[in-house]
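Subject: Structure for your review

Dear colleague,

Please find below the structure that I am handing over to you. A short account of what was found in it comes after the display.

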Amino acid sequence: MENKEMKIKVGLFGSGGVGKSTIAIRFSKDIFVEDYDPTIEDEYKKENDLNNKKILFYILDTAPQEEHYDPFPRYVQYTDIFVLIYSITYKRSFEDIKYFNERIKRILDIEDKDYPKILIGNKSDLTMKREVSIKQGKELAKKLNCKFIETSAKTGENINQLFYETILLEIERLKTIEE
Ligand code: GDP
Ligand code: MG
């Protein structure tokens, strides 16, 4: 019998303030939050039926390292699909993506092999404050060998697409590679 349920563990990675918590909350509860405690780590669930199949998203909203404890390796082990997020209004967060990519690869111990990921430029509504162009985002995605979209957790732009299209397409792609 065909498996009618699919569980996907999505890890949200990126520097502080890029919008990880806001994206998780926007997608799972369909609201925009102005201020969310940056130190909280949380797991959100969202269930939906798509073409007669139940899709269960588990979304890990990661928190920064604490003084005596670094949860990063545990986050990496948890994750099936890595969402690497920067803010289009903050160049530094874009540069940090390379660091996250390297750390993830080191923990997965895969060196030059690939892992499932998507690159996100969030805060696309703040066009007046843009520091990273769409072209730069696309170029980085090409280097990382992954898909790229810009999102806005504030307006909701491309948030559903991120989960229901981009992530599901990536899962399908991986399946065909594994088969
Ligand atoms: P995190 O540290 O990555 O979890 O970042 P947060 O989710 O806490 O977001 C940091 C700040 O950016 C908050 O004030 C959010 O309301 C704001 N924010 C997040 N996403 C967006 C967005 O798409 N557009 C705008 N204008 N603000 C956003
Ligand atoms: Mg947060």
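Predicted model: local features only at pLDDT ≥ 70, side-chain atom pairs only at ≥ 80, totals over all residues.

I begin with Asp61, which lies in strand S3, residues 53-61. Asp61 is buried yet has no salt bridge. The nearest side chain of opposite charge belongs to Lys20, 5.8 Å away, whereas a salt bridge requires the charged atoms to be within 4 Å. The side chain of Asp61 does make a polar contact, at 2.7 Å, with the side chain of Ser21. Setting aside residues up to four places away in sequence, Asp61 touches several others, including Ala24, Tyr36, Ile40, Glu41 and Tyr44.

Glu41 is found in the loop between H1 and strand S2 (42-50). Its relative accessible area is 34%, so Glu41 counts as partly exposed. Its side chain is joined by polar contacts to the side chains of Arg74, at 3.0 Å, and Tyr75, at 3.3 Å. Beyond its neighbours within four places in sequence, Glu41 is also in contact with Leu60, Asp61 and Ala63. Glu41 and Thr62 are 21 residues apart in sequence, while their C-alpha atoms are 5.2 Å apart in space.

Lastly, helix H1 (residues 20-29) packs with helix H5 (residues 159-178) at an angle of about 75°, their axes being 9 Å apart. The two helices are therefore roughly perpendicular to each other. From H1, Ile23, Arg26 and Phe27 meet Ile159, Asn160, Leu162, Phe163 and Tyr164 in H5.

With kind regards

How values were computed
Residues numbered from 1 in each chain as written. Chains lettered and ligands numbered in written order. Heavy atoms only, no water. Helix = DSSP H or I, 4+ residues; strand = E, 2+ residues; numbered from the N terminus. Buried < 20%, exposed > 50% of the residue type's maximum accessible area, 1.4 Å probe, protein only. Lys, Arg positive; Asp, Glu negative; His and termini not counted. Polar contact = N/O pair within 3.5 Å; in protein donor to acceptor, adjacent residues only side chain to side chain. Contact = heavy atoms within 4.5 Å. Axes fitted to C-alpha atoms, helices over the stretch in contact; angles between N-to-C directions. Parallel < 35°, antiparallel > 145°, perpendicular 65-115°, else oblique.
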